[in-house]
Amino acid sequence: MRIGSTMSGMKAHLQIAASHTFRLIHWPAIYKLLSSENALVKLLDFVSLVCILISAFDSYSLIALYYECCRKEIAICKVNGARPGQVFRLFFVEQITLLVIAALISFTLGYLLMKTWLEQYALQTAIHWWIYPVLFLMVGAVITSCIFWHIRRAAAANPAEILKSE
């Protein structure tokens, strides 16, 4: 019986202490301090989005430049009877091979650098494994759509005019 009354007494004291603690915190001051943090987070979100868009446009322009240089090769493939699917597969395998090599290098370096950087802090966030496949699929989708767009455009062009102009 004595243990039960002691436990209920401790519980009452903890509730009183917790209610006094929350009363002592000046919440408007905390919200004012956090408003600058929230503004910084919004700014970083915007800058991150701009960086992602710039890198997507960069990938598109690099692939466009590459296929502009390969127009003659695509035209020769078409003259020799290759279907657009075969031409797409030919260039797709090449670009995906480059993507896999770049992903292996960048994901490994990124993981190692982030891990050593996070070890400096007492509270650490986890580096989840699913981030890397999602990034790979997103970049792969951008590259695939760019390849598809340029191969479709090259397949619609007359190969005789392309070969005559170059």
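What is the volume of the largest pocket? The largest pocket has a volume of about 450 Å³. The model is predicted: local features need pLDDT of at least 70, side-chain atom pairs count only at pLDDT 80 or more, and totals for chains, interfaces and linings use all residues. Residues are numbered from 1 along each chain as its sequence is written, and side-chain values use heavy atoms, with hydrogens and water left out. The protein chain holds 6 helices and 0 strands.

**Overall architecture**

- From the N terminus on, the order of elements is α-α-α-α-α-α. Helices (H or I, at least four residues) and strands (E, at least two) are DSSP runs, numbered from the N terminus.
- Of the 166 residues in the protein chain, 13% are buried. Buried means under 20% relative accessible area, exposed over 50%, and partly exposed in between (1.4 Å probe, protein chains only).
- Among contacts in the protein chain with a separation of 6 or more, 78% join residues 24 or more positions apart. A contact means heavy atoms within 4.5 Å.

**Largest pocket**

- The lining of the largest pocket has 16 residues. Ser55, Ser59, Leu135, Met138 and Val139 lie nearest its centre.
- A pocket is found on a 1 Å grid over the protein atoms alone: it is an open set of points where a 1.4 Å probe fits, with protein on both sides within 12 Å along at least five of seven lines. Lining residues have an atom within 4 Å of a point.
- Grid points are joined across faces, edges and corners, and the volume is the space filled by probe spheres set on the points.
- Helices α2, α4 and α5 each give two or more residues to the lining of the largest pocket.
- By class, the lining of the largest pocket has 13 nonpolar residues, 3 polar and no charged. Ala, Val, Leu, Ile, Met, Phe, Trp, Tyr, Cys and Pro count as nonpolar, Asp, Glu, Lys and Arg as charged, and the others, Gly among them, as polar.

**Aromatic pairs**

- The whole structure contains 7 aromatic pairs. Rings of Phe, Tyr and Trp (its six-membered ring) pair if their centres lie within 6.5 Å; planes under 30 degrees apart are stacked, over 60 edge-to-face and the rest tilted.
- One of them, Tyr67 with Phe91, is edge-to-face, at 5.0 Å centre to centre and 70 degrees between the planes. Tyr67 lies in α2 (residues 27-69) and Phe91 in α4 (residues 84-118), so this pair ties together parts that are 24 residues apart in sequence.
- Both Tyr67 and Phe91 are buried.
- Phe88 and Phe148 also pair edge-to-face, at 6.2 Å centre to centre and 85 degrees between the planes. Phe88 belongs to α4 and Phe148 to α5 (residues 131-156), so the pair ties together parts that are 60 residues apart in sequence.
- Phe88 is partly exposed at 21% relative accessible area. Phe148 is partly exposed too, at 49%.
- Ring pairs also link Tyr66, Tyr67 and Phe91 into a cluster.

**Helix α4**

- α4 has 35 residues and reaches 48 Å from its first C-alpha to its last, close to the 51 Å expected at 1.5 Å a residue. The expected span is 1.5 Å times one less than the number of residues.
- The buried residues of α4 are Val87, Phe91, Gln95, Leu99, Ala103 and Leu118.
- Phe91 has a relative accessibility of 1%. Beyond four places in sequence, Phe91 touches Tyr66, Tyr67, Cys70, Glu73, Ile74, Ile147 and Ile151.
- Gln95 is buried, at 11% relative accessible area. Leaving aside neighbours within four places in sequence, Gln95 contacts Ile63, Tyr66, Tyr67, Ile143 and Ile147.

- α5 has 26 residues and reaches 38 Å from its first C-alpha to its last, close to the 38 Å expected at 1.5 Å a residue.
- Buried residues in α5 include Tyr132, Gly140, Ile143, Cys146, Ile147, His150, Ile151 and Ala154.
- His150 has a relative accessible area of 5%. Apart from neighbours within four places in sequence, His150 contacts Tyr60, Ile63, Ala64 and Tyr67.
- Ile162 sits in α6 (residues 159-165) and is buried at 7% relative accessibility.
- Not counting residues up to four places away in sequence, Ile162 touches Arg71, Lys72, Ala75 and Ala157. The C-alpha atoms of Ile162 and Ile74 are separated by 9.4 Å, although the two are 88 residues apart along the chain.
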